[in-house]
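Please read them with the structure open.

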Amino acid sequence: MEKRVNRFINILFASLLSVSLWAQSDSIAVEQDSVPQSVVAQEKAPQIEYGLTRKTYEIAGIEVQGADSYEDFVLIGFSGLAVGDKIEVPGAQITKALKRFWKQGLFSNVKIKAKKIEGTKIWLIIELEQRPRISEVRFEGLKKSEREDLEIKSGIRQGSQMTPNVEDHAQTVIKKYFAEKGFHNAEVHIVQQPDPDHPGYVRVLVAVDKKVKTKVGKIYITGNHALTDRQINKAMKKTNDNDIVNLFRTKKFVTSEYEKDKQAVIEKYNEHGYRDAYIVADSVVPNPENPDRVDVYITVSEGDKYYVRSVKWVGNTLYPYELLDATLGVKPGDVYNLKTLNERLQTDDDAVSKLYTDRGYLFFNVEPVEVNVENDSIDFEMRIYEGKPATINEINIVGNTRVYEHVVRRELYTKPGQLYSQSDIMRSLRELAQMGHFDQEKLVPDIQPNPEDGTVDITYQLETKSSDQVEFSLGWGATGITGSIGFKFTNFAIQNLFNKKAYRIVPQGEGQTFAVNLRTNGIYSTSVSLSFLEPWLGGKRPNQLSASFFFYNQTGWSSRYQKAYQNLYNTYSNYYYYSGNSNYYQQLAEAEADKDKFIRQFGAAIGYGKRLRWPDDYFSFYVELGYTLFWMKDWPYLLITNGMAHNLALNLQLSRSSIDNPIYTRRGSQFIIGLKITPPWSLMSGKNYAELPASERYHLIEYHKWKLSGKVFTPLTRDGKLVLMTRAEFGYLGHFNQYAKSPFETYSMGGDGMAGYSSGYSTEYVALRGYSSGSLTPYDINNGRNLGYLYNKFTMELRYPITLEQNATIWVLGFLEAGNCFSDITYYNPFDLKRSAGVGVRIFLPMFGLLGVDWGWGFDQINGSKQYSGSQFHFVLGQDL
């Protein structure tokens, strides 16, 4: 009876589905109205009757309809069906083909139909409805930077298909993106609208409501006794509440940062000896009073405090344990501190590992093992694997497109065949940075050890940047327009003067420096300077050769103009002055240049520098012979009105520089001892200089000029960005004969240290922010002019970078400064200092060099007055203060 019932049900089911078979019901569908009209006209769709047994057919043909964006053979191959295959109807092969199409999400409807059946052969039609493509994407509620980020990350792109998977992925990515920025309640709505201009396409609107940032309301900590709430709060770098210690720290809540901060809390406990500390439980709950805030609850278990009882070294053959103990710096009785232990073993500049890597032991490894823990004491065993010294096999340079490769290689301290040395690699990176041709922030060596043969390959990955500079300026002064133009080429190649292929404005490739500068004020003043520097004379050793030349000419004013100009100031309240008719004097000046009154300077210098090997190879010695001719005619501004003065001087300088970067320096120091000296003409002549006129007394200029300076850069954070710069300077201009005391080469202190209008004394300008230019230069009663013969200066400057990108390096700074200038060494008082403080910003642009502005406040009275300096602004062009 039961078999008969089942037979009746099967016959009834087959009768109901004898006309069509839908794909999603695991069968083949044949519908008259779904077959193209061309097919219907030729033949009638087959009728399929289903019985108790499945029929097997051989596929004789497959067509694809409704997917114009894809090739038919691609879709047929994707279906898994092929002509010649034998399939059952209904059967699993059809079901699998359908699932493959649905799984991709590219189609909104999928059907597989039978077009024709002849005997045991069947012809199939795959009908597909494509999901629409995107013709336009528009984001709302976002900043420009956010939109640019999400256009890439969201996956919604013009021309691609809009599928449910794409929409879900975009929702997830956008919400995660803003959650990482602290917007945990952000809402995202993605709306599709058909594009009437492009059938089959949609316009997509992504509307984002970020809501308010989720911030930390309060952090509640329980279970802590060894560390205070404030200490734990401080250890959490990114998850901070409104405690006063977090005044300048972020208050937003970001889940990923919170997880890191929990680990930071455990590390802080470890630093204090609590090696077993862990977080028992934590929770983040909405603040009941403010839905935009969350409260954080953390329960800690501190455990016991541990101490180091002993340290034993195992496996060391190169160094004795006494040296390793001294280098490690961890002694019995010290509080257990895993962070310090690992730093002293591996990461510090003077860590134990560096002892080995500097001797070639690249494969060195040391593992601190707690071999015994008893009560509160731990016995450590430092298990060392020294390995064998590694030899450098290959040195590769990648990314250099600016200078010849031999120019780069000669700066490297690593050479093929040498033993590997970590210090040599760091020194090589420093020298590459000092060249100025590569982005220092992206100087990363790729070190590939080969343990099998005991060698190592080193690749220096460089990113070229331009360091050539151009200077152009226009100004307006009492004598009209002043302009200057200058060029500095830092990759000059004098060897390629006749090689046209090496020209890019000038011949380039050898890393030499060539600079030219022209400054003019029309008929009143003109200056021209040229300089050349070869850093590797001969190409084998870092011995530098420098040469420079300059010419300066300044024309005086006629007596008529000087008298008129003097009358202008003598009649300060004159009607013409206030009515604007002082332009008359300007016009008069332009017409009253007297070419018979002038001062001219001709100068040239040649120098030679050598890198020393003792006391270490950071030292260098430089010697320069320079000559300057001063020619004055009816020039009332100097002691010598008519005549010539000759300045022949030998400049000697011993310096040591270990800074890591010439632009934004993080660490290192610079020290200079300099002496510039002329022959003692007065002692050699036998003349009585007390009775000589100024034109003869200063005909041959004599002096000895000393300079001492030191500058130290100290990073205050582990990433090296926050830097403290401390500096001290001392300068002294001495004489061989008190009656031949030189008015040339003196000091002028105050302001930005940049030379403005000069009447020809070759004055050295010393910056002291917070005071106006030259205001701290003392009056010299012997010469009747403001001349400084001795100065000292002290600076503390805190720096932090805004951006260290190749196209612009920007940092802000705050400074404390003190200094003073004296007219004679007998008046020198090291405690008589003019003090100032202020803030500033620096911008280094490869094309224009260093630019900046400082605001300073001078706290002390200016020389010779009761007036305090107060607020001053200073501008920086080309040199740091």
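Predicted model: local features only at pLDDT ≥ 70, side-chain atom pairs only at ≥ 80, totals over all residues.

1. Partly exposed, as used in these notes, covers relative accessible areas between the limit for buried, under 20%, and the limit for exposed, over 50%. Arg611 is partly exposed, because its relative accessible area is 24%.

2. Overall make-up. The chain has 881 residues, 42% of them buried, and it contains 18 helices and 38 strands. Its accessible surface amounts to about 46600 Å², with 55% of that belonging to carbon and sulfur atoms. Among contacts with a separation of 6 or more, 61% are between residues 24 or more positions apart.

3. Salt bridge between Glu431 and Arg611. The closest N and O atoms of Glu431 and Arg611 are 3.6 Å apart, and the two form a salt bridge. This pair links distant parts of the chain, since Glu431 sits in helix α13 (residues 422–435) and Arg611 in strand β24 (residues 593–611), 180 residues apart. Glu431 counts as buried because its relative accessibility is 6%, whereas Arg611, at 24%, is partly exposed.

4. Other salt bridges. The whole structure has 46 salt bridges. One network, joined by salt bridges that share partners, takes in Arg727, Glu729, Arg769, Lys793, Glu797, Arg799, Glu817, Arg842 and Asp854. Elsewhere, Asp350 and Arg344 meet through their side chains at 2.8 Å, N to O. Asp350 is partly exposed at 48% relative accessibility, while Arg344 is buried at 14%. Glu118 pairs with Lys116 in a salt bridge whose closest N and O atoms are 3.8 Å apart; Glu118 is partly exposed, with a relative accessibility of 48%.

5. Helix α9. Which residues of helix α9 (residues 321–328) are buried? They include Leu324, Thr327 and Leu328. These residues lie on the same side of α9, because they cover an arc of only 95° around the axis. Gly329 follows α9 and has a positive phi, near 75°.

6. Ser467 is placed in the loop between β16 (455–461) and β17 (469–477). Is Ser467 buried or exposed? Ser467 counts as buried, because its relative accessibility of 10% falls under the 20% limit. Its side chain makes a polar contact of 2.5 Å with the side chain of Thr490, and a polar atom of that Ser467 side chain lies 3.4 Å from the backbone oxygen of Gly436. Leaving out residues up to four places away in sequence, Ser467 touches Arg402, Gly436, His437, Thr490 and Pro846.

7. Nonpolar surface patch. Val839, Trp855, Trp857, Phe859, Phe873 and Phe875 form a nonpolar patch on the surface, and together they have about 640 Å² of accessible area. Strands β37 (849–861) and β38 (868–877) each supply at least two residues of this patch, and β37 gives the largest share, three residues. Phe875 belongs to strand β38. Phe875 is exposed, because its relative accessible area is 52%, and the limit for exposed is over 50%.

Definitions and conventions: Residues numbered from 1 in each chain as written. Heavy atoms only, no water. Patch = residues over 30% accessible without salt bridge, like charges linked within 9 Å, V, L, I, M, F, W, Y side chains within 5 Å. Areas by Shrake-Rupley, 256 points an atom, 1.4 Å probe, with all protein chains shown as cover. Salt bridge = Lys/Arg side-chain N within 4 Å of Asp/Glu carboxyl O. Helix = DSSP H or I, 4+ residues; strand = E, 2+ residues; numbered from the N terminus. Buried < 20%, exposed > 50% of the residue type's maximum accessible area, 1.4 Å probe, protein only. Polar contact = N/O pair within 3.5 Å; in protein donor to acceptor, adjacent residues only side chain to side chain. Contact = heavy atoms within 4.5 Å. Arc of directions from axis to C-beta.
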